[in-house]
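Let's take a friendly walk through this fold together. Please have the sequence and the model open beside you.

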Amino acid sequence: MRKNRILTGLLLLLAGGLTLSSCTKNDDSTIVLIGTEYYIDDILSVIPDTLQTQFLEAFGEIPEGAVPPNIEGSYLVEPKTRVATNVDGWPLSVIERNTGLRFATQHNGIVVMDLYEATDRVTDTVFVMGNGNKFTVYFIEDKSYEMPLLDQTYHVHMERGIIIRGQVTANGIADFRLATIIMKTEDDSDGVLSQYAPGSYFIYKDGDGIAAISEW
């Protein structure tokens, strides 16, 4: 009888240990499943409500899940090809400057991302979700920059949602998509600079079908 009680106790401790190993501390009093931490924003916070149906049809699948694959590494989007936009007058199948991506220090639903576009470089802690070898990275970029024009320099502030999705392979990120969504822009040019309307989006893919592993 005593042996049965000891065995039952050991089994309960083992079960409790397994449960805790799949959870993480969310605050001082709550334990939550990994991937549901309070500091992880919902993917739809990056996409304006009025835009969601149109954008999701153009962007395609957004892999979700609380256990994303390991995406750490350095990748190059070459050639970066525009495949969709809702801005009039912007043609498709246009090749833009290459984009470099670097992911590091991945932990639960967050990862540090280094994004290099043209002459613009951003380093930020971003959200990642997914399942199996498919993933989605997303965040809201808040940046200020200067825009020289003729003999005047204007100051611009922009907020844009960025969404990246793909499938991890031995050679890089397959089925790669990168989208930027304008959320807010303002400047001191008094109308001299052209502004994208909130909700303007641009979607890109890698023209070779894979964002290859590359130390750019």
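Which residue stands opposite Leu178 in S12? Tyr204 is the residue in S12 that stands opposite Leu178.

## Before we start

This is a predicted model, in which local features need pLDDT of at least 70, side-chain atom pairs count only at pLDDT 80 or more, and totals for chains, interfaces and linings use all residues. Residues are numbered from 1 along each chain as its sequence is written, and side-chain values use heavy atoms, with hydrogens and water left out.

Helices (H or I, at least four residues) and strands (E, at least two) are DSSP runs, numbered from the N terminus. Two strands are said to pair if DSSP finds at least two bridges between them.

## Strand S11 and its partners

Let's begin with strand S11, residues 172-187. Strand S10 (residues 152-168) pairs with S11 in the antiparallel sense over 12 bridges. The two form a hairpin with 3 residues between them. Within this pairing, Ile162 has Thr180 of S11 as its bridge partner.

S11 also pairs with S12, again in the antiparallel sense, over 5 bridges; this is where Leu178 and Tyr204 face each other. A further 3 bridges join S11 to strand S13 (residues 210-213), and these two run antiparallel. Here Ile173 stands opposite Ala211.

## From S13 to S3 and S6

S13 leads us on to S3, since these two strands pair in the antiparallel sense over 2 bridges. Tyr75 stands opposite Ile213 in S13. S3 also pairs with strand S6 (residues 99-107), antiparallel over 5 bridges, and there Leu76 has Gly100 as its bridge partner.

## The run from S7 to S9

Strand S7 (residues 110-117) pairs with strand S8 (residues 120-131) in the antiparallel sense over 8 bridges. Met113 stands opposite Asp124 in S8. Next, S8 pairs with strand S9 (residues 134-149), also antiparallel, over 5 bridges.

Ser200 is found in the loop between S11 and strand S12 (201-206). Is Ser200 buried or exposed? Its relative accessibility is 7%, so Ser200 counts as buried.

The side chain of Ser200 reaches the backbone oxygen of Ala197 at 2.7 Å. This is a polar contact, a pair of N or O atoms within 3.5 Å; within protein, one must be able to donate a hydrogen and the other to accept it, and residues adjacent in sequence count only if both atoms are side-chain atoms. Setting aside neighbours within four places in sequence, Ser200 is in contact (heavy atoms within 4.5 Å) with Asn86, Val87, Thr180, Ile181 and Ile182. One of these, Thr180, is the S11 residue that bridges to Ile162.

## Aromatic rings

A search of the whole structure finds 7 aromatic pairs. Rings of Phe, Tyr and Trp (its six-membered ring) pair if their centres lie within 6.5 Å; planes under 30 degrees apart count as stacked, over 60 as edge-to-face and the rest as tilted. The rings of Trp90 and Phe202 have centres 5.0 Å apart and planes at 65 degrees, so this pair is edge-to-face. The pair links distant parts of the chain, with Trp90 in the loop between strand S4 (80-85) and strand S5 (94-96) and Phe202 in strand S12, 112 residues apart. Trp90 counts as partly exposed at 32% relative accessibility, whereas Phe202 is buried at 5%.

Phe127 and Tyr138 form a tilted pair, 5.5 Å centre to centre with 40 degrees between the planes. Phe127 sits in strand S8 and Tyr138 in strand S9, 11 residues apart, and both are buried. Elsewhere, Phe55, Phe59 and Tyr201 form one aromatic cluster.

## Charges over rings

A charge sits over a ring if NZ of Lys or CZ of Arg is within 6 Å of the ring centre and within 35 degrees of the ring normal. Lys80 lies over the face of Tyr204, at 4.4 Å from the ring centre. Arg165 lies over the face of Phe59, at 5.3 Å from the ring centre.

Terms used:
Buried < 20%, exposed > 50% of the residue type's maximum accessible area, 1.4 Å probe, protein only.
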